[in-house]
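Welcome, and please open your viewer. We will go from one selection to the next and look at what is there.

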Amino acid sequence: MSCLVLECEEGCVVDHQRVLNEIYQFSIDQRGMVRKLRVKKDLFLIDCPFRMDTEVRKATRQQEIIDKSEKLDLKKRKRKRKGDLNEGERKAMEYHSKVSHFISETYQYILQLDLGTIFIKSSIKTTDNNSLARQAAAIEGPGDVFVELCSANPSPHHLCDITEVTQDTGLPSDIVHRCMCYKADKPQICQSIWGDFVLPPRCQFVMSDIAHTETLVQGTKYDIIVMDPPWINKSIKRKKMYNTLHENDLLQLPIPQLASPGCLVVVWVTSKQKQQQFVKEILFPHWSVQIEAEWHWLKVTISGEPVYNIDSTHRKPYETILIGRFAKDNNQSSTANTLQALPKSKLIVSVPCSLHSRKPYLGDLLKTFVKQNPLCLEMFARNLHTDWTSWGNEVLKFQHLDYFEEIS
């Protein structure tokens, strides 16, 4: 089933939750029994815009007074910061001014096309600040065990081996730095020493880190490569949510050895303009990738309301996706020219998963712009996809059975 539920020239609506539920609804356990699974529904229960907890408590006590004071405070902050922006903030504001009109206009157009068939309209204003979704996002799953395993096993021993996972074998304990393949057409619940994991049909994965990309470079050339690097981020560093990478570390990724002629290279970036500039001006040229498009993902509630005000000075409700094509030489450039051109701009609208930084599936959107039956790779992955290869030091994280529930 496609993740696309509505599409127009400028944008689309995708339903990440529906696709996941379709994939796992008939999973096979270790005894060969069918178990009807779905991703925990509360993970996508984003029923109101995100707010600070203190804001919510104040709002429930004195909504009208708080509204007035917030407006006054906002005016004061704007006046105070008018001449007090640093270089990064100034560039961020300039970028927002450039893209916000397109995002707002396309979003409004999509809402008109929706006609109430996708987003659940409700006159009831909730004030629980998505408490159920946030509780679901606190699920521990496997924790950091795989990150620690990759760090503790620095030497790959199975560079040329592809280990097949079956109902009988489960997941081996020496899983690090080896290519694992699951070939069956039904999702499989696999046992391991770290708990039970659910594998989607026809998937391949490598549990490894950036210091050991040689396990990937075995001659396979991919037509789509997607990555959401663990960029350095003050909030992430403060909360110690996961290890981050310096941007220069990405230069060592062997994209030219992994990309086929005309391969789409897709990189999720944060709102930092310095970071986006690095990808466009340093990283892509280093990989022989030519920038083609800049898309945006708008995160909305189940009623279709952006999760933050689009002009919020604290956080924006959208993220940026930079897309380029691999063209090592003139022959490969001509190959890329025979493929359908990407739209320069596109807006992807969806309800986000409450698990931190889990992005919507882009495969159905990207496959239109490459050859038929493409080979696809996700780097820095934390979950698996049907008919994709996934690589990363947390590649099985969100496949843990803790993130699923049985359908009665």
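Leaving aside its neighbours within four places in sequence, which residues is Thr163 in contact with? Select Arg178, Cys179, Met180 and Cys181: these are its partners, where contact means heavy atoms within 4.5 Å.

Before going on, note that this is a predicted model, in which local features need pLDDT of at least 70, side-chain atom pairs count only at pLDDT 80 or more, and totals for chains, interfaces and linings use all residues. Residues are numbered from 1 along each chain as its sequence is written, and side-chain values use heavy atoms, leaving out hydrogens and water.

Stay on Thr163, in strand E6 (residues 158–164). Strands (E, at least two residues) and helices (H or I, at least four) are DSSP runs, numbered from the N terminus. Thr163 counts as buried at 18% relative accessibility; buried means under 20% relative accessible area, exposed over 50%, partly exposed in between (1.4 Å probe, protein chains only).

Next, select Cys203. Its sulfur is 7.5 Å from the closest cysteine sulfur, in Cys181, too far for a bond. A disulfide is a pair of cysteine sulfur atoms within 2.5 Å, and the count comes to zero. Cys203 is buried, with a relative accessible area of 2%.

Now pick Tyr24 and Phe404. Tyr24 is buried at 2% relative accessible area, and Phe404 is buried at 7%.
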